Each structure stands twice: as structure tokens, then as C-alpha cells.
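Subject: Structure handover

Hello,

Please find the structure below. My notes follow it.

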Amino acid sequence: MLLKKGLSVFLLAALVAAQPANAQENKAILNADAGKYVINKNIYGHFAEHLGNCIYNGFYVGDTNKVIPNTDGVRNDIIAALKKLKVGNLRWPGGCFADTYHWKDGVGPKAKRPSMVNVWWGGVTEDNSFGTHDFLNMCEKIGAEPYLAGNVGSGTVQELSDWVQYVNSPANTSPMSTWRVQNGRKDPWNVSIWGVGNEAWGCGGNMKPEFYANLFRQYSTYMTGWSEKKLFRVASGANGGDYNWTEVLMRDIPASLMEGIALHHYTVIKWEQKGPARDFTEQQYFGSMRSALQMEELVTRHSTIMDKYDPAKRVALVVDEWGGWYDVEPGTNPGFLYQQNTIRDAMIAGVTLNIFNNHADRVRMANLAQAVNVLQSVILTNKEKMILTPTYHVMEMYNVHQDATLLPLQLTTTNYTLGNDKLPAVSGSASKNAAGVTNISLVNIDPNKPQTITIDLRGGNFKTLTGRILTSKKVQDYNSFDEPNKIQPVEFKGAKLNGSSLEVTLPPCSVVVLAVK
Ligand code: AHR
């Protein structure tokens, strides 16, 4: 993000062109027997960087903490909440931090670990007390697949190759695994997902794509072996609409060395004027929705380039940083990126996850930035208190799509208009799980009007219907430490199943997930 990401006029044209200009009604056709692609659970991934109060004072309160219940220093309430969320994968230690991080400083006796300065995020001292063992053991407790981001910007090929050996080689079969055993862990963690640098075009080294592509080839060559689990190596990807970046990487890196290519896109109105996280105007809300919906264009256009070089879709598009980014909460450290989370964020999560689901053929991993106390968090903490944000609830409602078969949903929607501007009001996606249940997630971003949609269910014989909804009176509403459950999902009664016709009335600014069988 450290470069500016402009809004594209193309996006609006594309979005609006996909809809009849002045659709009078919302309608959809769901072909319940036409599924082809599986929605990878890793689309429902999260991100934990050494940034502000995400790791320290967030996940990790220290293993000598007697006030906040914890296991080896990690908060028990966070472990339980993330377990329930079904976190596909968790990315660590950055972000920009990753390209300054030297993993060997974060293993072994904590008292002997060297300190460093966290140059990207507030210039605070990093004492390396939360390191590789802490993170990987925490992932085991949460049930999330770890995603380790390696240091390319200021690290070495040897250092990254040693990290793979340290976490993946069987006990006492290599110098690194012997060291791991000495440090208290016998069995390897068998980490599959590895990032090779982060934002190489910016904080990861300000590289040109041709230079980074060569570096990637070199690093990736030495990252093989050690475990029976195949490595999934993710190249640092484009900044939003930098299509040349994807083109060069796809052209210059052989498929045998790269399993994924990243993309970063944040929902930002203007980088120089992001606006408040809570008391925003409708104009600002509209700007956020426009930026969030831009994901459709980005994913489509990056995928088209990937299709040219990789028609078999072997390489995944990994959107490993996405989410809303606003001004920090007044009075907080500007380098800590702490912001509240409102119904606007629930809308961003709902429409973005629908886009990812609908592109399941190519988008097979994504990471919301970030899990705790940073940007669009699912969890906020304040000393011993912890709250779940509206975004948490959307991610939890949508987890029914994980590893289910995507069902094509042909959607025609009316517009949400503000002045002369318009955006599609309703978005959706659908999938069928192993138990034969079809789940449909729908979002109405219009803050002023309910939207009724009729869905023609084809290719199935549906008899039962249940649903949940997340909404609130105002789009600026949020959960606070004083009112932690103001916004939470409740039973939805606004849908009727009549034979093969499903009629749903979505209140303003609502996310609904329906299950039909
Ligand atoms: O998520 C915050 C920062 O945004 C990350 O460290 C970086 O990769 C991006 O610019």
C-alpha cells in the first residue's frame, strides 16, 4: 500500500456494464447442479503482523501474565474465537515487517534474544519474544494453517532456506532440526505456505518486477525438500492495478518454482484523505463501497493475464492483504493503524468474500488485514477485554462456504445511487457443501433502501430454508467495549421458499446467509 492506489474509472464502467443500466428489480438464477470449482478454505485467511497491538498486547500477552488467561502467552479468548471462526490460514510475521525480520533472533531462550527496531511501525523496540515456535504452536491451537512470509528485502537465500529446514525437517536429520529439538520442539510443523518477500515493489525493497522475478527464482530454488508436504511458494504480487507486475512474474518465473502469486488491494477512499473509521459521511461510505467493489475488476484482470501463461490454472491468485483502511482512532499512535470496525466493514467483508468465492477457480487464498487491533480486525482487545467486530461475524457466517462447491449465481441488481453516482446494490455467491446443503450469501450495500430479490432455484428440489442476518440501524454502528454485542448475527425471517422460487428482502446495509436443502 505504501504507494498510492487510485480508483479506476474502468471498474465502474465494468461493474455497471455487467448490470442492466436501470434494472427495475433484483433477480437471480442459481444452477444448483452446475458446480465445478471448490471454494478453497484458504480464501478465509487472516494476517498477523508485528505491528501496533496485533501481536504484543493483542494475541500475545506474555507467558508470565497472570491477569489475562493464556496458554504459553497467547490469550485463551482469542484462541477460542479464532477456532470458532475457522481460520483457513494465518500469515505472519508481516507485511513490511517480514522483510526486516531475522527469524533466528526469535528462537531459543527468550532472555537471550536480541532486540531490534520495528522501523516500519512506530519505531518501537521488538524484543523477539514472540517467534517461530510461538506462532506455529499458536496456529496448531487455533486450527489454522500457517503462512510464513520470508525476508527477501534484507535477508539472504541461506536464511530463508534454513527457516524451511528448521520448521520442516524431521527431528535430528539436519543441523536446523537438531537446533529446533534443542529449542523444545521434536516434531516438524510441516509448513506448506511460504511467502517469498512482501510488497517487493515498495517496503520489500523497491524493486522492479524483472529484478524481483530473478530473485524469486533464486530464493525459491533453495526452498524445496525437507518435508513430504509440498511447498506452496507465493511470489510478492502486484500493488492493486499494476498489471505489468503480474505479466512479468508470470512470464519470467517457471511454473515449477511458483505455486501462488499475490495481490494487495485495500479499501481506501483516498490515501491522502482516508476519513474516519466511525463517524463517516454517506459520501465517504459510498467511496469505500466503490473501492471495495474494485476487487472484482482487479481479480478479473490479473486472472486474465495469468490465464495467458497458465491456462490450466496451476498458479493461484493469493490476495494476501485486503480490507478497509481509515485514519487511526484519535489519540492512538499513527504507526499502529488501530481503527474501529462498523457495519461499513461488514459490507466490505461481505462483498469481497462474494467476489473471492465467485472467482474460486483462480483465487485460492486470501488474507484479511489484520486479525487483531490493526486495520479491519475481526478482534479488538483492551487489557483483559476482547470484542468481536461486525467483520468477525461476517467471516463466521460465510465459513459455510469453506471447501464447498461454488454454484454459479447469475445476479441482476438495481443500483445504490448517491447523486449521479451508482453502484450495484446487491451482491451474492452460493455453494453446496458435502452434506448437500446449498448456502447463499447476499449483501445489500444500500444504506437507505431494503432490496427484495427473487432467486430462481434450478437443478434441485428444495424443501427447507433457514437463515441468519447481520445488520444494525446505522451503517456507522459498531461493537464497543461497553456494548460488545450490539451487532451480532440473528435468525433471519425475511425469506420465503415457494417451490423453486426463493424471495428474500434484505434490509438496508445487511449481510444474509441462507441455507436451503
Ligand atoms: O497491513 C499493513 C501493511 O500494508 C503491510 O505491512 C504492508 O504489506 C502493506 O503495505
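Predicted model: local features only at pLDDT ≥ 70, side-chain atom pairs only at ≥ 80, totals over all residues.

Residues are numbered from 1 along each chain as its sequence is written, and side-chain values use heavy atoms, with hydrogens and water left out.

The helix pair: α9 covers residues 343–358 and α10 residues 390–398. Their axes lie 8 Å apart, at an angle of about 30 degrees (lines fitted to C-alpha atoms over the stretch in contact; angles run from 0 to 180 degrees between N-to-C directions). That makes α9 roughly parallel to α10, the term for angles under 35 degrees.

On the α9 side the contact (heavy atoms within 4.5 Å) involves I343, D345, A346, A349, G350, L353, N354 and N357. These meet P390, T391, V394, M395 and Y398 in α10. By class, 8 residues are nonpolar, 4 polar and 1 charged (Ala, Val, Leu, Ile, Met, Phe, Trp, Tyr, Cys and Pro are nonpolar; Asp, Glu, Lys and Arg charged; the others, Gly among them, polar).

The whole protein: there are 10 helices and 27 strands (DSSP runs: H or I of at least four residues, E of at least two, numbered from the N terminus). The C-alpha trace spans about 65 × 50 × 45 Å along its principal axes. Buried residues (under 20% relative accessible area, 1.4 Å probe, protein chains only) make up 61% of the 517.

Regards

Definitions and conventions. Parallel < 35°, antiparallel > 145°, perpendicular 65-115°, else oblique. Buried < 20%, exposed > 50% of the residue type's maximum accessible area, 1.4 Å probe, protein only.
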